[in-house]
Amino acid sequence: MVPGFVESFTFGGLPEVLSKARWIWPQYRSQQAGSGVGSLIVTYRIAIIGAGPAGYFAAQALLNQSETPVEVDLIERLPTPWGLVRSGVAPDHPKIKSVAKVFEKVSDDPRFRLLANVELGKDVNLDELQTHYDAVVLSIGADVGRTLGIPGESLRGSLSSAEFVPWYNGHPDYVDVDVPLDVERAVIIGAGNVAMDVARILAVDVEDLAKTDIADHALAALRGSRVKEAIICARRGPEHAAFTASELRDLLDLETTDAVIDADAVVDALSRTEDWPEVPKDVRQNLEAFKTISETPSKGKERRIEIRFFLAPREIKGQDRVEAIVLGINAFIDGAIKDTGASITIPCGLVVSAVGYTTKSLPGVEFVKGAIRNEEGQVLDASGQPIAGLYCVGWAKRGPSGVIGTNKSDASRVMEQLLTDITSREEKMSKDDLKVTLNSRGVGVVELEQWRKINTAEIAAGEPSSRPRIKIVKTDDMLRVAGIHG
Ligand code: NAP
């Protein structure tokens with residue numbers, strides 16, 4: 001039998017088929033009109049929660065296969081989809097954002113629906129979704145910033161990248177974040193690509209950002225910024241940094257910002273890696289990029305981004321706001337990174353920690369180390385047993401790692417398993433259409449047509465100033481443009 005199809009039946013056998021399936025979303029296709037023989041196509045309904053890259057790639061994997069008939073609802077809390085492509089990717093990286101074209105192509109499939117402005121836990125809960133759909137895929141990302149756990153972290157001017165990044169990207173929940181920019185030096189903790197994004201946004205020429213889709217409130221604040229120096233502090237050495245080499249190399253292209261790295265730190269890292277049996281390609285490329293930067297003389301540009309190594313944050317100092325950060329000096333001793341006991345204090349008015357993220361908790365779902373407890377994307381319960389029909393993808397599944405493209409192969413593998421599971425199940429789960437339930441609750445659902453009104457309005461607003469778009473940043477304004485609220 002072709003998976004997803006109930007075996008050919010005669011009209012006389014229909015009740016038997018129906019008794020096997022608790023509820024079937026029937027699409028009866030008469031193959032041999034008049035002969036009384038046909039096929040009952042079972043269409044499986046799948047809900048994906050979270051319209052970020054992992055959610056879209058999961059939808060794409062489901063819709064690209066032709067063995068199992070599916071319909072996909074992509075459910076999103078905000079009125080706008082695209083997740084981190086809209087609220088995470090740095091505005092000066094428009095090429096990365098071009099993946100949105102892939103998402104819009106997925107959306108064009110008639111078997112796909114966007115149900116945005118629908119919040120899990122408020123407008124609908126997980127138990128209900130599990131009765132509306134044959135499978136539910138949690139693609140809820142990881143948007144809670146990990147904290148440093150050091151004194152002074154709650155002072156004004158101490159922020160997490162989980163606040164700063166969505167602030168400059170116009171996420172409606174972060175429009176009002178207090179970002180004091182009346183300071184000359186910012187320190188960024190962490191040696192990953194997010195730290196690099198944060199440093200660039202703080203220390204590049206604001207007029208370069210004015211050509212991007214950066215949120216208008218952030219652009220206005222950055223126009224008044226006094227920040228001249230962004231110091232990225234890594235707690236380990238250059239060979240352990242999580243940046244990607246292309247991000248490092250791009251630093252040398254900044255017109256008005258010098259990139260600075262201590263040459264000795266790079267020489268030491270190169271000599272340490274000589275003992276390694278094999279230096280992984282990404283480490284080798286990073287070390288080459290670090291070396292190039294360290295050998296490029298500073299040109300006395302207006303601003304600078306410096307990367308320092310072996311510095312671990314100990315305390316943020318200040319009365320009412322950040323005045324300095326104390327960092328312990330680490331060293332490579334006997335093959336391990338150790339705290340030397342010594343420290344340095346860097347005067348600064350802004351500290352941004354970019355040390356990773358965890359997933360927001362969800363009632364009824366178990367978490368391990370900040371991600372959903374799962375085995376290859378199948379969600380596990382408290383006793384480690386798989387929960388039928390519940391899956392996860394993206395950062396919610398594997399933690400905050402990988403670039404956007406990583407989600408494609410990852411989601412595809414999980415969706416393959418999902419399809420195998422649902423087609424081998426005795427009973428079909430899905431009952432009535434979620435939209436009917438949402439409508440009865442007065443939820444103003446933003447579907448594709450309404451989202452495209454928002455999208456079109458934003459792009460049109462950007463045209464006069466040759467910007468890709470001007471983002472609408474308040475939920476009410478989005479819903480008004482979408483035609484949901486008057
Ligand atoms: P990340 O790559 O995991 O980097 C986190 C950094 O924080 C690491 O250097 C880590 O150091 C450091 N760290 C963790 N805890 C710390 C602590 N308590 N004190 C000091 N340092 C600490 O995370 P991310 O930068 O948030 O990026 C997340 C993912 O998004 C990554 O896969 C990244 O590549 C991706 N991303 C990609 C792009 C792009 O392609 N342009 C842009 C942004 C993000 P240790 O190694 O010592 O733990």
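Predicted model: local features only at pLDDT ≥ 70, side-chain atom pairs only at ≥ 80, totals over all residues.
1. The accessible surface comes to about 22,000 Å², and carbon and sulfur atoms account for 50% of it.

2. On overall dimensions, the C-alpha trace spans about 85 × 55 × 35 Å along its principal axes. As for secondary structure, the chain holds 18 helices and 23 strands. Its radius of gyration is 26 Å, close to the 23 Å given by the globule rule for 486 residues, so the chain is as compact as a globular protein of that length.

3. The contacts are worth a glance too. Taking those between residues at least 6 apart in sequence, 73% join residues that lie at least 24 apart.

4. Six strands form an open sheet with parallel pairing, in the order β9-β17-β10-β11-β13-β12. The edges are taken by β9 (158-160) and β12 (257-261); each has a single partner strand, so one side of each lacks a neighbour in the sheet. From one strand to the next, the twist averages 20°.

5. Within this sheet, β10 (residues 185-189) pairs with β11 (residues 229-233) in the parallel sense, over five bridges. To find your bearings there, look for Ala186, which stands opposite Ala230 in β11.

6. Finally, a helix that goes with the sheet: α13 (residues 281-295) packs on it and touches both β12 and β13 (303-308).

How values were computed: Residues numbered from 1 in each chain as written. Heavy atoms only, no water. Pairing = 2+ DSSP bridges. Helix = DSSP H or I, 4+ residues; strand = E, 2+ residues; numbered from the N terminus. Axes fitted to C-alpha atoms, helices over the stretch in contact; angles between N-to-C directions. Contact = heavy atoms within 4.5 Å. Rg over C-alpha atoms; globule rule 2.2 N^0.38 Å. Areas by Shrake-Rupley, 256 points an atom, 1.4 Å probe, with all protein chains shown as cover.
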